[in-house]
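Walk through this structure one element at a time.

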Amino acid sequence: MYDPELFMPLPAEEKSSAEIPRPSRTYWQDVRARLMKDPLAVLGLIVIVIILAMAIFGPVFSQYEYDAQDFMVSNEPPSFEHWFGTDMFGRDLFVRVMYGARISLAVGFLASMISLCIGVIYGGISGFAGGKIDNVMMSIVDVIYSVPTMIYVILLMVVVGPGLKSIFITLGISYWAPMARIIRAEVLRLKSEEFILAARVLGASPSRILFRHLIPNAMGPVLVTLTFSIPGAIFTEAFLSFVGLGVSAPMASWGVLSSDSVGSLPVYPWQLFFPAGAISITILAFNFLGDGLRDALDPKLRK
Amino acid sequence: MNDEILTVKNLHTSFMTGAGEVKAVDGVSFSVKRGEVLGIVGESGSGKSASMLSVMGLAGENARVWAERTAFKGKELTPETVKALRGKNIAMIFQDPMTSLNPVLTVGYQLRESLRRHNWQGDIHARCVDVLERVGIVPAEERLKQYPHEFSGGQRQRIMIAMAIICNPDLLIADEPTTALDVTVQAQILGLLTELRKASGMSMILITHDLGVIAGEADRVLVMYGGKIMEEGTRREIFYAPAHPYTKGLLRSVPNPERPSERLIPIEGQPPDLLNPPKGCPYVKRCPQAMRICLEHKPEAKVLSGTHKTSCFLEVKE
Amino acid sequence: MTMLEVQNLSKYFAVPAGVVHSVEDVSFSVERGETLGLVGESGCGKTTTGRTIIRIYEPTAGKIIFDGQDITSLTPREMLPFRKRMQMIFQDPYASLNPRMTVGDIVREPMVIHGIPKDEHSDRVAHLLRLVGLNSEQAGRYPHEFSGGQRQRIGIARALAVEPELIICDEPISALDVSIQAQIVNMLEDLQKSLGLTYIFIAHDLSMVRHISSRVAVMYLGRIVELAESGELYTNPKHPYTVSLLSSIPIPDPDKSDSREHIPLQGEIPSALNPPSGCAFRTRCPKARPECAALNAVLRDTGNGHLCACPFV
């Protein structure tokens with residue numbers, strides 16, 4: 001029933017031809033592919049990109065300056081000339097919200113990056129050193145953790161003085177504690193893995209083990225925490241500006257804009273609506289992205 | 001035919017994963033007779049566990065299971081009837097007992113619970129003490145009050161066995177029951193299983209990768225590779241007259257106790273990529289006797305004797 | 001010529017519940033070019049012994065003498081030249097390779113650490129990959145793209161990158177499929193011959209240890225209970241533990257499996273937190289006597305270098 005030719009021995013080179021190699025994909029390419037399958041995360045990412053683009057390019061292309069006052073049009077409702085209306089000084093609110101996005105996002109990203117750097121190094125050393133050093137270093141984190149962040153931030157702001165730079169510093173040094181904890185937990189988990197033992201057997205220096213082996217493998221949870229800490233920083237900045245400890249006029253962050261509009265809320269509600277809406281949408285977008293990232297990085301789903 | 005406890009005909013299982021469809025089981029047929037031990041031997045990814053989980057309706061949400069026929073004691077199995085039989089007429093034990101024992105409940109509670117679930121007629125407490133004694137956990141009265149973490153690995157596996165046999169099942173499916181245990185404890189557990197089987201006359205499906213365990217325990221053996229049955233036969237047929245090149249290769253790749261220092265003859269190559277399986281025989285890439293036909297065509301099972309079957313074109317050729 | 005000598009080595013770990021006696025007064029030597037098998041059940045201290053010898057763990061007591069030099073208390077910097085001379089192969093091929101590094105980087109890392117000139121790296125990586133049966137074009141791929149057996153080969157290539165003399169193989173095949181185990185064992189044997197390597201082969205698979213080892217040490221609860229030339233140990237075991245252990249190995253041969261005598265052991269290994277006094281095996285020993293609780297079960301020569309810790313054989 002079969003062609004006898006088919007019963008000839010199969011040459012070795014044809015055996016390997018039965019194998020079609022799968023394309024090489026790195027861990028991060030895998031993560032990206034999984035992330036792109038999560039519609040909410042993609043939505044979050046698109047929103048963040050749009051907001052970023054508007055923050056960077058919006059004010060440049062706008063016909064209005066963020067600090068140009070025009071008393072002829074003060075407190076205008078939204079219209080074709082002024083999409084978000086104007087404030088009491090006749091400044092265009094659309095350009096001010098976009099300009100505010102620069103400050104708010106810059107605070108969010110920079111403060112998170114500062115906390116990331118401190119947290120990764122501190123947590124990495126603590127987890128890697130272990131023993132007494134770890135105990136002492138983590139007790140310090142516990143103390144920092146036990147003081148409510150807001151009190152701590154406000155105290156620091158009062159000492160350092162309001163302004164953009166001090167917001168970066170203050171948020172950076174108050175947000176690193178959770179980051180350090182996460183890195184330490186990851187490092188502790190990874191430390192006994194065989195590839196770390198292999199590096200020790202090879203005589204790798206502690207810093208090599210920490211920076212080449214431990215931290216790159218701990219980056220997944222760090223990235224998720226980072227994504228969640230950016231909206232936290234944005235919100236804290238907004239709050240600080242709201243209570244008057246943030247940036248000062250004529251600079252505008254979303255917190256300043258919200259704060260300015262509260263007095264006239266019953267009469268000109270849109271003045272609060274737009275900056276507050278911007279804050280909410282941004283925080284929501286980062287949370288969507290963070291949730292998606294967490295799922296995409298989950299090793300249990302990894303095959 | 002009515003001495004067949006479990007009948008499975010042409011079973012297919014695929015798992016839908018993020019990377020694509022994994023064909024874990026591809027056209028598997030077998031049966032288990034009353035009182036016998038059917039050994040299923042295969043390497044990781046051979047589909048030996050997946051086929052059992054599929055029959056039991058435990059393959060998971062991402063699994064697509066299809067079979068021409070599955071029957072228990074001649075009665076067709078449906079998802080509902082399988083659920084009713086599970087734990088009562090068909091029991092399972094797994095490699096890691098901790099995944100099947102609830103750590104926050106006492107052993108006694110968990111034993112009583114399985115009796116109640118299956119409407120045990122009779123004294124529940126007496127039954128629990130009895131099974132625990134039979135698996136060698138003594139003093140049973142006291143140990144019933146303990147939690148799983150208070151037992152050693154071997155004792156936990158004994159408790160799992162107690163839970164499995166508590167309703168007097170007709171069939172026990174043991175999936176790598178001793179893989180996580182040391183050899184001396186493995187010998188104890190295998191001895192216990194034999195003893196319990198002889199006392200109750202239950203059938204057993206023993207899934208393992210260890211040829212030694214199969215040689216010692218099984219009456220009949222299925223050799224699986226790449227989701228298919230390569231060879232089926234009695235223990236003696238498989239070990240003394242293997243017909244399939246894979247079975248032969250497997251037996252050659254373990255050290256010969258007679259000539260321990262003789263060079264080993266490994267099976268070359270790597271296990272098949274289940275995401276991207278060969279079109280024909282799954283073993284074609286590693287088979288030293290592969291032919292052109294094996295690349296494109298799937299071999300049918302060829303009957304060699306009343307008990308011995310193999311799926312290989314070498315048999316068809318002759 | 002003696003490659004490695006271990007003298008009265010002990011390793012204890014402090015845990016919240018007390019002190020775990022993982023390795024207790026272990027002594028043996030390994031000759032250049034031979035394979036010493038180290039077998040025992042989980043928790044017997046075989047892995048800890050290997051890791052203490054290679055100084056991942058600090059020894060609690062005893063001496064480690066490598067090629068005539070005492071390396072027991074060298075600092076990490078002083079230890080560095082010895083790390084080139086002794087290497088390790090690990091059990092789990094999925095955990096022993098850094099998942100974020102390419103295969104090429106994994107095999108290159110030892111060369112970076114030990115300051116081998118950069119321009120030699122690529123050639124040496126390609127050579128090492130070919131040596132372990134891999135394709136040198138695969139250097140750019142990541143570990144997860146390889147099967148278990150291939151990953152174990154990558155781990156071996158990494159160990160060979162520093163051209164070591166002694167390799168401690170810590171259960172190198174126990175996580176692999178049966179058909180792959182023989183590939184790796186054959187490769188280890190070939191490498192031993194062509195590179196003149198010395199192995200300490202740690203495993204619980206007794207039949208594979210018999211195949212690969214020239215001498216075998218059997219460990220129980222942190223101690224060596226028997227040590228002999230491998231053929232001698234398997235055909236003429238003396239210690240009651242070795243006898244039971246050998247009779248428990250499943251034999252892949254139905255007739256032999258049916259006809260042989262089982263010597264079952266009662267119970268399981270006691271906790272190393274609180275080991276029994278005297279001979280540690282007495283709680284499970286089929287031949288235990290009252291005096292076993294007090295005796296000092298040290299290894300003694302029973303003739304022809306066959307060492308046994310049981311005084312009643």
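In helix 9 (residues 240-248) of chain C, the buried residues are Pro240(C), Tyr241(C), Thr242(C), Ser244(C), Leu245(C) and Ser248(C). Buried means that 20 or more other C-beta atoms lie within 10 Å of the residue's own; exposed means 12 or fewer, and partly exposed falls in between, with C-beta atoms placed from the backbone. Helices (H or I, at least four residues) and strands (E, at least two) are DSSP runs, numbered from the N terminus. The cover over these buried residues includes helix 7 (183-200) of chain B. From chain C, it includes helix 7 (206-212), strand 9 (215-220), strand 10 (223-229) and helix 8 (230-235).

The model is predicted: local features need pLDDT of at least 70, side-chain atom pairs count only at pLDDT 80 or more, and totals for chains, interfaces and linings use all residues. Residues are numbered from 1 along each chain as its sequence is written, while chains are lettered from A and ligands numbered from 1 in the order in which they are written.

Turn to strand 7 (residues 166-170) of chain C. Of its 5 residues, 5 are buried, so the strand is largely enclosed by the rest of the structure. Leu166(C), Ile168(C) and Asp170(C) are buried on one side. Ile167(C) and Cys169(C) are buried on the other. In a regular strand, side chains alternate between the two faces of the sheet.

Strand 7 of chain C has parallel neighbours. Strand 6 (residues 86-89) of chain C joins strand 7 through 4 bridges, running parallel. Strands count as paired if DSSP finds at least two bridges between them. Here Met86(C) has Leu166(C) as its bridge partner. Strand 8 (residues 198-203) of chain C also runs parallel to strand 7, joined by 5 bridges. Cys169(C) stands opposite Phe201(C) in strand 8. With helix 6 (residues 178-195) of chain C, strands 7 and 8 make a right-handed β-α-β unit. Right-handed means that, with the strands pointing away from the viewer, the path from the first strand over the helix to the second runs clockwise.

Chain C also has an antiparallel sheet. It is open, with 4 strands in the order 2-1-4-5. Strand 2 (18-31) and strand 5 (69-70) stand at the edges, each with a single partner strand, so one side of each is left without a neighbour in the sheet. Strand 1 (residues 2-15) and strand 4 (residues 61-66) of chain C pair over 5 bridges. Ser10(C) stands opposite Ala61(C) in strand 4 of chain C.

Now the contact between chains C and A. Chain C gives 21 residues and chain A gives 16. Contact requires C-beta atoms, placed from the backbone, within 7 Å. On the side of chain C, helix 2 (76-85), strand 6 and helix 3 (103-113) each give two or more residues. Helix 3 of chain C has the largest share, 3 residues.

Chain A itself has 11 helices and 0 strands. Of its 303 residues, 39% count as buried. Among its contacts with a separation of 6 or more, 69% come from residues 24 or more positions apart.

Terms used
Contact = placed C-beta atoms within 7 Å.
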